[in-house]
Amino acid sequence: MVYIIWHDSDYDLAFWVYKNSKLRNIPEEVLLKELPHDNTSEKLLASLEFPRDSIILPTIKYEHPDIIIQKYDESTNKILCVNEFMTHTPQWQHPAQRFSRIYGASKLKIPSALVVPKTKAKLEKEKKKKNPKYDEKSYVLSPVLYSLFDKTTTINQTPTLIFHWPDKNGYLKTDPEHPTAPKLVDDIKLWFDFVNLAIDDKITLTEPTMKKIIDRNKSAAGLIDIKNYKTIRGIVKTVDPACRVFGILKSQLPKKIIEREHSMVFEPSGLSPPTSYFRTDPYAGMLSAFDNLFCSDDSGSRKYNLVLRAKGVEMRRLRQTGTFIDKRNHDLSMCPFTDYHTVNKLSDDDIKQHLLSKNCPYTGTKQQRVYGEISDLILFDDGDFYLSD
Amino acid sequence: MEPSEYDVSYAIKQWLLSHCWNIIAFNPPGAQGTFSLPNPSKNPAYKGQTGTQSPDIIAIKENYLLIVECKDTNLAKIKSDVKKLRNFLINTERVDLLKRIVNNVCIANEFTFDANVEIIFAKGHGRNKYTESDIGTFFVTVKNNWNSKIIDVKTKPLDFINVEYIPISAENKKILEN
């Protein structure tokens with residue numbers, strides 16, 4: 001048997017996980033392995049070892065989390081937990097930016113955790129003053145994030161948890177030997193309880209430590225009002241009086257979209273700043289957060305279509321630059337990114353062939369993987385549109 | 001075989017720990033940043049991060065604060081780091097901000113910090129044993145069988161990565177190594 005701690009190139013952080021978890025005391029082999037740098041077929045085929053590593057593909061279909069723990073032997077190939085760390089100021093948009101990593105894992109029923117500062121201080125220049133000085137400003141974790149993780153736990157019936165990075169007056173406590181990791185006090189002890197339970201495959205919603213964190217998230221959750229989000233145009237009727245859907249003929253759209261009476265339109269204004277065309281951060285994470293918060297019911301079924309209005313972006317240009325690849329004939333039932341059930345039934349050759357087929361959206365850019373495949377429909381400025389699989 | 005920028009940063013961090021330095025910030029490529037220094041000349045009305053700096057390593061020991069910039073082997077980029085380090089002390093407002101932040105990070109992490117600390121610099125990289133008269137150099141090499149993409153936890157990276165510190169003076173050597 002082998003355990004693999006996958007990391008996003010920070011092997012010192014992976015060593016910290018190993019040293020402080022129960023993996024340190026087990027006789028089995030433990031490897032620290034770097035995740036592929038991106039999802040291109042070339043990178044995946046160059047860095048993954050089959051059949052052992054194939055299980056990672058569904059876990060990274062949208063984005064790459066910081067730490068993934070996998071258990072592998074001849075009879076078991078399982079992802080045990082997915083973890084994301086952030087040290088940024090924790091107001092809504094920063095943790096939301098990372099949510100597609102947690103969203104994808106939790107949907108696959110993998111216990112998932114975000115380690116995030118509850119409070120972080122930052123020195124900021126005073127505004128509108130002649131000789132501005134630097135003042136310390138404290139940012140606190142948005143209550144909306146607790147709501148988001150609580151709803152995600154409910155939807156997926158899988159612990160999807162927030163742990164607080166320890167701090168003193170908003171300055172982060174870090175591990176003295178592994179400074180990209182938090183200090184092993186307070187919530188980080190609980191986080192290791194979570195990791196150790198995951199290693200033992202004993203995580204359930206009712207397990208006492210999990211329940212404690214789930215209840216804490218629930219009690220910290222804030223009330224959510226969709227009207228507070230400037231990036232959301234609103235919830236609108238899917239089919240207009242002219243029997244079209246956002247100007248598109250009904251015959252061009254799948255039944256599932258037309259059948260949903262209402263659609264939520266996400267319309268951020270900053271998708272095409274001068275520095276990048278079809279920007280992803282923070283909106284890709286927000287899109288996945290808005291799916292769980294507003295578009296899906298407690299069972300995870302979409303009650304509203306999730307529509308991204310890509311203002312200032314033309315599909316023509318995305319095709320020219322390769323930002324979106326042509327996914328015609330992509331077979332989701334043979335796609336190793338779909339879920340664990342699908343990847344486990346595919347042979348190594350099936351997987352390699354699929355990766356080389358050049359029409360899999362999950363080997364494309366983050367724009368196509370997250371915007372394209374999490375939303376139901378993207379509407380572009382040139383009148384073109386994109387449908388998820 | 002050449003070290004990556006991460007290998008260089010990691011190896012220097014380990015070297016500093018073994019020479020009794022406390023690490024205040026560690027920002028290797030691909031990792032979460034510990035903290036960043038704001039740019040005092042930035043227009044406060046602009047919301048972006050223009051000119052914000054995140055030195056790769058900040059460490060303290062006794063009355064010294066060490067800033068290290070790390071690169072892999074790219075000489076042009078290493079020279080650009082040297083320029084960045086030389087310019088650092090010119091901006092006194094930024095130095096004050098650094099001390100303010102480091103003081104608070106030290107309080108949070110229970111390290112001692114003296115406001116009259118002396119700031120010193122070093123660069124770290126591989127391939128060229130290129131030195132400067134005013135900035136110390138960490139020279140990092142890796143063995144041919146080092147593979148950071150997959151590590152068996154029983155192996156120690158420093159069995160494969162070597163760090164040599166090239167001081168600028170005997171006093172500098174004493175400060176860094178004692």
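Two strands are said to pair if DSSP finds at least two bridges between them. The legends below describe close-up views of a predicted model.

**View 1. A strand of chain A pairs with a strand of chain B.**
S2(A) and strand S6 of chain B, residues 150–152, pair in the antiparallel sense. The pairing runs over 3 bridges. One of the residues involved is A:Leu31, whose bridge partner in S6(B) is B:Asp152. Strands of a sheet pair through backbone hydrogen bonds, either parallel or antiparallel.

**View 2. The side of chain A that touches chain B.**
Contacts between the chains involve 34 residues of chain A and 30 residues of chain B. On chain A, two or more residues of this side come from each of helix H1 (11–20), strand S2 (29–34), strand S6 (119–125), strand S9 (167–168) and strand S10 (171–172). S2(A) supplies the largest share, 6 residues. Sorted by class, the side of chain A that touches chain B holds 15 nonpolar, 13 charged and 6 polar residues.

**View 3. Two domains of chain A and the contacts between them.**
The domain assignment divides chain A into domain 1 (2–117 + 143–220) and domain 2 (226–325 + 364–387). Their C-alpha centres lie 28 Å apart. Between them, 18 residues of domain 1 are in contact with 15 residues of domain 2. On the domain 1 side, helix H4 (93–97), helix H5 (99–107) and helix H6 (143–156) of chain A each supply at least two residues. H6(A) gives the most, with 7 residues. This side of domain 1 consists of 8 polar, 6 nonpolar and 4 charged residues.

**View 4. The loop residue A:Ser142.**
A:Ser142 sits in the loop between strand S7 (134–140) and H6 of chain A. Not counting residues up to four places away in sequence, A:Ser142 touches A:Pro90, A:Gln91 and A:Trp92. A:Gln93 is 49 residues from A:Ser142 along the chain, and the C-alpha atoms of the two are separated by 9.1 Å. Burial needs 20 or more other C-beta atoms within 10 Å, and exposure 12 or fewer. A:Ser142 has 17 and is therefore partly exposed.

**View 5. The largest nonpolar core.**
This core has 140 residues, and those touching the most other members are A:Ile5, A:Leu287, A:Phe290, B:Ile12, B:Ile57 and B:Ala59. Helix H10 of chain A, residues 283–295, contributes the largest share of the core, 8 residues. Domain 1 and domain 2 of chain A each provide at least three residues. Leaving aside neighbours within four places in sequence, A:Ile5 is in contact with A:Ala14, A:Val17, A:Tyr18, A:Val30, A:Leu32, A:Ile67 and A:Ile69.

**View 6. An open sheet of chain A and the helix that lies across part of the sheet.**
The sheet has 5 strands in the order S11-S14-S15-S16-S17, with mixed pairing. Strand S11 (232–237) and strand S17 (385–387) each have a single partner strand, so they stand at the edges with one side lacking a neighbour in the sheet. On average, neighbouring strands are turned by 20° against each other, direction ignored. H10(A) lies across S11, strand S14 (262–266) and strand S15 (305–310) of chain A. The helix runs at about 150° to S14(A).

Technical notes. Residues numbered from 1 in each chain as written. Chains lettered and ligands numbered in written order. Predicted model: local features only at pLDDT ≥ 70, side-chain atom pairs only at ≥ 80, totals over all residues. Contact = placed C-beta atoms within 7 Å. Helix = DSSP H or I, 4+ residues; strand = E, 2+ residues; numbered from the N terminus. Nonpolar A, V, L, I, M, F, W, Y, C, P; charged D, E, K, R; others polar. Domains from an automatic or database assignment. Core = buried A, V, L, I, M, F, W, Y, C linked by C-beta atoms within 7 Å. Axes fitted to C-alpha atoms, helices over the stretch in contact; angles between N-to-C directions.
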